[in-house]
Amino acid sequence: MFAYYLDLALRSLKRNKALTALMVLAIALGIGASMTTLTVMHLLSGDPLPGRSAHLFYPQVDPDTTPPHAKEPADVMDYHSAVDLWSARRADAQTLIVDSQLKLRAPTVNLPPLMAMMLSTTADFFPMFDVPFRYGSGWSADDDAKRARVAVISADLNDKLFGGADSVGRTLRLRDSDVRIVGVLKPWRPSPLFYEVAGGRYAHGDTAGFYGKPEDVITPFFTGLEINDGSFQQFNCWHVPDTPGHLEDAPCEWVTLWVQLGDASKVAAYRRFVADYAARQKSLGRFVNADNTRLRSLMQWLDYNGVVPSDVRLQTWLAFAFLVICLFNTVGLLLAKFLRRGGEIGVRRALGASRAAVFAQCLVEAGLIGLLGGIGGWLLTLGGLWLVRRQPTPYADLVHLDTSMFLVTFALAIAASLLAGLLPALRASRIAPALQLKTL
Amino acid sequence: MLKMNHLSKVYRTEVVETYALRDFNIDVKEGEFVAVTGPSGSGKTTFLTIAGLLETFSGGEYYLDGIEVSNLNDNARSKIRNEKIGFIFQAFNLIPDLNVYDNIEVPLRYRGMKTAERKQRIMDALERVGLSSRARHYPAELSGGQQQRVAIARALAGSPRLLLADEPTGNLDTQMARGVLELIEDIHRGGATIVMVTHDPELAARAQRNVHIIDGQVVDLAEEPRFHAHAAEAAHEYR
């Protein structure tokens with residue numbers, strides 16, 4: 001019967017093209033607006049490391065010795081706590097992270113120096129975060145210890161400086177120091193840039209900055225501190241540092257630690273380890289608030305920081321409200337369309353159509369309108385995303401319609417139109433056939 | 001085939017109850033051709049819509065082909081309508097957007113019949129009403145008589161055991177009406193039970209039995225002479 005209902009629906013839609021166009025347009029506009037914002041929301045709220053994120057954790061301690069003591073520990077760590085926990089090697093893998101800005105150039109390339117962001121981290125960074133390489137590889141733990149003058153560069157920087165060629169072995173001048181390139185990344189764009197997310201609770205929803213591009217140069221942690229000494233920015237200090245920019249011994253929080261833990265028992269053990277460490281630091285007089293420690297998973301950490309910008313959330317709500325308005329219009333138009341066919345429905349009922357059959361026929365027609373609205377909505381979504389890509393937001397280059405959202409567009413359009421068709425179809429199926437036939 | 005015992009149909013509003021049928025009794029045997037006559041507003045069409053399971057009734061019993069229908073749900077009533085009853089309306093009631101073939105196909109579709117069988121039945125029915133060459137025509141392209149013949153073909157295609165006709169010639173001129181009536185008689189000769197509501201005494205005279213309805217009740221004209229004048233007057237009015 002579905003094929004029959006589909007045939008009847010097509011005839012019905014052709015019968016009144018203007019009304020059909022109006023309904024399709026209403027659905028398309030609602031779907032276009034909601035799918036544009038939903039796609040952005042989907043891209044910004046997704047898991048940046050599917051399959052791995054459940055094993056990545058973010059430890060926090062509270063080294064701040066000044067009252068009042070916060071309920072939550074600081075978002076990043078002081079240098080000593082971070083290095084102590086990292087050096088203990090109690091996790092399956094662990095990495096320290098800090099970033100800074102510096103001037104760089106390739107001595108053998110005739111290009112002016114440029115300002116770039118440098119990520120200073122440790123060897124586990126690459127396998128932990130599944131960072132893809134085009135040429136070469138990362139460095140070893142031994143390179144970390146020896147403060148080796150090596151670097152990994154981004155695909156963008158490699159394109160810019162070396163025209164995309166294999167630059168492994170070539171020299172890069174970072175500030176006043178030369179480093180040897182050991183690896184070149186493939187294009188890599190985690191969304192959000194999860195390993196740098198911190199301070200979201202102070203951002204009041206203005207979190208678009210979490211979706212920026214990864215750094216162009218990556219160096220071993222201690223190498224980076226030496227090369228760019230004096231250029232590091234603190235996240236928070238509980239006393240004024242003696243020398244701004246030189247933060248190793250400063251009462252400041254500025255270093256991030258990520259750990260990889262393979263199973264629940266390891267997570268529990270590491271949580272105890274962090275708590276024990278904090279207690280030990282308290283006994284040494286370095287911590288006051290030793291109980292204030294946390295170990296959040298990657299996704300918990302992103303949630304805690306409210307990474308999705310509040311304006312994106314608001315736009316999504318508004319767009320869905322607009323979809324609801326469009327659906328109300330569609331309900332009215334469908335109601336008028338179906339009830340105007342009361343005579344035909346009466347005849348069909350007399351000839352053996354049950355209420356369920358009339359209901360199904362009307363819903364198929366509503367679904368077909370939804371499908372057509374979905375096509376229009378898909379085109380409008382592509383246009384909407386094109387406009388978003390032209391906005392000056394850090395995540396503009398991320399915005400695209402992937403396969404899942406393409407399918408969601410049509411599923412949402414059909415579901416919305418079926419929802420809109422429920423009441424009109426129910427009313428049509430309740431038409432009294434005798435009354436219609438008497439008045440024909 | 002069709003038996004109603006003490007059947008009533010009441011239309012209720014907040015202030016008034018109107019009886020369309022009251023203590024209504026009728027027994028139509030299988031294969032009978034019964035004409036139902038009566039003045040306007042007497043309840044003829046209400047009887048027909050209840051007989052055709054298009055409307056429910058307020059009290060009494062209704063047996064259709066031996067089945068008491070008052071407790072049947074919508075699906076069961078629709079199935080009986082589809083398989084056992086054929087309708088012919090005064091206003092033809094063809095679906096304007098469907099061509100002749102597709103109009104006749106409607107009840108067969110709801111019966112879930114296979115394409116080949118549907119086609120065979122439709123072509124047979126069209127041949128029987130003499131409209132084989134008009135299968136792809138739309139109702140608007142046909143005369144009134146042709147439209148009514150399509151409506152009869154639609155009823156015939158389903159091979160109904162009970163044919164309910166409501167003023168089948170009411171919208172036709174004399175010549176067309178005669179053709180339609182001959183078709184109905186032909187269907188009757190084929191074994192179908194026919195209940196035809198009409199104002200037309202000439203048409204009623206062609207039936208095997210006449211049932212007269214006045215004020216929602218079946219009356220015996222022989223025993224109620226006061227209705228003779230009423231009926232004759234009504235017949236004159238519509239002649």
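## What counts as a cavity

A cavity is a set of grid points where a 1.4 Å probe fits but cannot get out. This structure is a predicted model. A search of the whole of it turns up 2 cavities of 30 Å³ or more.

## The largest cavity

Chain B supplies much of this lining. Its residues there include Arg81(B), Asn82(B), Ile85(B), Gly86(B) and Phe87(B). Pro107(B), Arg111(B), Arg154(B), Ala155(B), Gly158(B) and Pro160(B) also line the largest cavity. Chain A is present too, through Leu351(A).

Three elements of chain B give two or more residues each: α2 (74-84), β6 (85-88) and α5 (144-157). The top contributor is β6(B), with 3 residues. By class, the lining of the largest cavity has 6 nonpolar, 3 polar and 3 charged residues.

## The second largest cavity

From chain A come Leu8(A), Arg11(A), Arg15(A), Arg341(A), Glu344(A), Arg348(A) and Gln361(A). From chain B come Ile95(B), Asp97(B) and Leu98(B).

Two helices of chain A, α1 (2-15) and α11 (342-350), each give at least two residues to the lining of the second largest cavity. Of the elements, α1(A) gives the most, with 3 residues. Charged residues number 6 in this lining, beside 3 nonpolar and 1 polar.

Methods
Residues numbered from 1 in each chain as written. Chains lettered and ligands numbered in written order. Predicted model: local features only at pLDDT ≥ 70, side-chain atom pairs only at ≥ 80, totals over all residues. Heavy atoms only, no water. 1 Å grid on protein atoms, 1.4 Å probe; cavity = no way out; pocket = protein on both sides within 12 Å on 5 of 7 lines; lining within 4 Å. Points joined across faces, edges and corners; volume = space filled by probe spheres on them. Helix = DSSP H or I, 4+ residues; strand = E, 2+ residues; numbered from the N terminus. Nonpolar A, V, L, I, M, F, W, Y, C, P; charged D, E, K, R; others polar.
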